[in-house]
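Subject: A structure for you to look at

Dear colleague,

I am handing over a structure together with some notes on what was found in it. Please open it beside this email and follow along as you read.

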Amino acid sequence: MGCLNSAVIPAPVDKVWAALRDFHNLDAFPNVVTKLDKVGEASGTQVGAKRVLNDAFHETLVGLDDKARVLRYSIDDGPEATSKDNVSGYVGEVRVFPVTDSDQTFVQWSSSWDHSGGGVAEFCTPIYQALLGDLKSTFS
């Protein structure tokens with residue numbers, strides 16, 4: 001079970017990755033993420049870092065690979081379909097690839113989960129699409 005969304009961002013891969021790799025910095029999404037609270041002492045590039053987005057999504061950084069340009073995080077609790085009562089084992093993943101013929105970046109945002117009571121993809125897909133749209137606008 002999961003969902004997959006992607007976009008081509010009009011900026012070089014290193015700039016896009018720099019904007020995405022810090023779990024505690026979501027400045028590239030000003031229209032979607034209106035509030036970010038850091039939880040605990042871990043830095044935004046340290047596995048185990050925690051955050052709360054928009055007073056609703058409780059997330060943990062579970063993987064960061066600068067060489068492969070991959071960030072993985074869990075949603076530990078959230079509203080509606082992403083609540084801990086509805087979904088378990090939710091992992092989001094952001095992968096960044098160069099588009100070599102145009103010096104742009106391909107961003108793939110996916111998620112998977114072990115079990116849910118339903119509605120997770122329908123809830124998350126529009127959010128990921130909005131995040132990717134915001135990212136594209138940030139670099140346009």
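A pocket is worked out on a 1 Å grid over the protein atoms alone, as an open set of points where a 1.4 Å probe fits, with protein on both sides within 12 Å along at least five of seven lines, and its lining residues have an atom within 4 Å of a point. Grid points are joined across faces, edges and corners, and a volume is the space filled by probe spheres set on the points. Please keep in mind that this is a predicted model, in which local features need pLDDT of at least 70 and side-chain atom pairs count only at pLDDT 80 or more, while totals for chains, interfaces and linings use all residues. Residues are numbered from 1 along each chain as its sequence is written, and side-chain values use heavy atoms, with hydrogens and water left out.

The largest pocket

The largest pocket has a volume of about 290 Å³, and it is lined by 21 residues, of which Arg51, Leu53, Glu59, Trp109 and Leu131 lie nearest its centre. Counting Ala, Val, Leu, Ile, Met, Phe, Trp, Tyr, Cys and Pro as nonpolar, Asp, Glu, Lys and Arg as charged, and the others, Gly among them, as polar, the lining divides into 18 nonpolar, one polar and two charged residues. Helices (H or I, at least four residues) and strands (E, at least two) are DSSP runs, numbered from the N terminus. Strand 3 (50–53), strand 4 (57–65), strand 5 (70–77) and helix 2 (120–138) each supply at least two residues of this lining, and the largest share, four residues, comes from helix 2.

Strands that pair

Two strands pair if DSSP finds at least two bridges between them. Strand 4 and strand 5 run antiparallel and are joined by seven bridges, with Ser74 in strand 5 as the bridge partner of Thr60. Strand 5 is also joined by five bridges to strand 7 (residues 91–99), again antiparallel, and here Val70 stands opposite Arg95 in strand 7.

Helix 1

Which residues of helix 1 are buried? With buried meaning under 20% relative accessible area, exposed over 50% and partly exposed in between (1.4 Å probe, protein chains only), the buried residues in helix 1 (residues 13–20) are Val13, Val16, Trp17 and Leu20. Seen down the helix axis, these buried residues fall within an arc of 100°, so they line one face of helix 1; the arc is that of the directions from the helix axis to the C-beta atoms. On the other side of helix 1, Asp14 and Lys15 are exposed.

Val16 has a relative accessible area of 0%. Taking contact as heavy atoms within 4.5 Å, and leaving aside neighbours within four places in sequence, Val16 is in contact with residues including Ile9, Val96, Leu135 and Phe139. Val16 and Val96 are 80 residues apart in sequence and 7.8 Å apart in space, C-alpha to C-alpha.

Most residues other than glycine have a negative phi. Asn54, although not a glycine, has a positive phi of about 50°, and Asp55, also not a glycine, has a positive phi of about 60°. Asn54 is found in the loop between strand 3 and strand 4 and is partly exposed at 28% relative accessibility, whereas Asp55, in that loop too, is exposed with a relative accessible area of 54%.

With best wishes
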